Amino acid sequence: MGAADARIRRATRDLGVTDPTPIRDAATVILLRRTGGDSSVLMGMRGAGAVFMPSKYVFPGGAVDASDAAVSLAAPLAEPHRSRLAREPRPDCTPHPDAIAAAALRELAEETGQLIGRPGRCDWPGFAEAGLAPDAASLTYLFRAITPPGRPRRFDAHFFVADAACLATDPDDFSRACDELSHLHWVPLAQARALDLPFITEVVLAELADLIAGLAPDAPLPVPDTVPFFDNRTPAPRFAQIA
């Protein structure tokens, strides 16, 4: 057993967790497009053979890689999002907020071809060709959830929302997307919950709808009063609000 595995097992034992599946940090971006009085979100469908959430419609996102911590962001996360990411840490491993934000922007670029960045240098595909560095200042921290025990993979998932007006790319061009998500398209927010969704995605959509209710199309995204946190590290789930 490696040192990291031993640390994870000790931490989960202390919390009363019987599932030894390691929990990996993950980041997701909900792109919100507002035109006139209508709002839509960018979603795609996971493959039928995927180990985690097969054939479900999801937002672009994925696990945080060790290399995400080394990326130079054009701008960091704004407050209070940055501080909120650092709260409620896991005892086994909690990456730096910049790494989580970087992962969100990298996954968005890989899975959709869409870039949120400013002029700068970055070796990531898409960003390098466009002469951009990822811009985390455009992200609003909306939601956090840890996958319950008993799943084939478990994540400590951080959900961000970003206005599509911040994109440096054509929001209707998905030609640079990888093949991890199919049927990429803008889904009207009012219709999104009718898709085949993971439960947590339904909850996040409801939070987003509440956040932008009554918001003018050209108004900046508001900062949530708190960030809901579904903490499923143990068989007895805990719901918290990160202030």
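With which side chain does the side chain of Arg34 make a polar contact, and at what distance?

Analyst: It's Asp163: the side chains of Arg34 and Asp163 make a polar contact at 2.4 Å. A polar contact here is a pair of N or O atoms within 3.5 Å; within protein, one must be able to donate a hydrogen and the other to accept it, and residues adjacent in sequence count only if both atoms are side-chain atoms.

Quick ground rules before going on. This is a predicted model, so local features need pLDDT of at least 70 and side-chain atom pairs count only at pLDDT 80 or more, while totals for chains, interfaces and linings use all residues. Residues are numbered from 1 along each chain as its sequence is written, and side-chain values use heavy atoms, with hydrogens and water left out.

Back to Arg34. It sits in strand β1 (residues 23-35); helices (H or I, at least four residues) and strands (E, at least two) are DSSP runs, numbered from the N terminus. Arg34 counts as buried because its relative accessibility is 13%; the scale is buried under 20% relative accessible area, exposed over 50% and partly exposed in between, with a 1.4 Å probe and protein chains only. A polar atom of the Arg34 side chain also lies 2.6 Å from the backbone oxygen of Ala219. Leaving out residues up to four places away in sequence, Arg34 touches Ser39, Asp163, Leu215, Ala216, Pro217, Ala219, Pro220 and Leu221, where contact means heavy atoms within 4.5 Å.

Now helix α6 (residues 199-212). Its 14 residues reach 21 Å from first C-alpha to last, close to the 20 Å expected at 1.5 Å a residue; that expected span is 1.5 Å times one less than the number of residues. The buried residues of α6 are Ile200, Thr201, Val203, Val204, Leu205, Leu208, Leu211 and Ile212. Gly214, with a positive phi near 75 degrees, follows α6.

Helix α3 (residues 97-112) can be read in the same way. It has 16 residues and reaches 23 Å between its end C-alphas, close to the 22 Å expected. Of those 16 residues, 14 are buried, so α3 is largely enclosed by the rest of the structure. Gly113 follows α3, with a positive phi near 80 degrees.

There's another arginine to check. Arg233 is in the loop between β10 (227-231) and β11 (238-242) and is buried, at 11% relative accessible area. Its side chain makes a polar contact with the side chain of Asp231 at 2.7 Å. The C-alpha atoms of Arg233 and Pro148 are 6.4 Å from each other, though 85 residues separate them along the chain.

On to the aromatics, where the structure holds five pairs. Rings of Phe, Tyr and Trp (its six-membered ring) pair if their centres lie within 6.5 Å; planes under 30 degrees apart count as stacked, over 60 as edge-to-face and the rest as tilted. Tyr141 and Phe160 have ring centres 5.4 Å apart and planes at 35 degrees, so they make a tilted pair. This pair links distant parts of the chain, with Tyr141 in β7 (residues 140-146) and Phe160 in β8 (residues 154-163), 19 residues apart. Both residues are buried. Phe143, Phe159, Phe230 and Phe239 form one aromatic cluster.

Glu79 and Pro80 are joined by a cis peptide bond, with omega about 10 degrees, and Pro80 lies in the loop between β4 (61-63) and α2 (81-85). Glu88 isn't a glycine, yet has a positive phi of about 55 degrees; it is in the loop between α2 and α3. His183, in strand β9 (residues 181-188), has a positive phi of about 55 degrees too, again without being a glycine.

How far can you trust all this? Mean pLDDT (the predictor's confidence in each residue, from 0 to 100) is 88 for the chain, and 89% of residues reach 70 or more. Over residues 1-17 pLDDT stays under 50. Where pLDDT is low, the predicted coordinates should not be read in detail.
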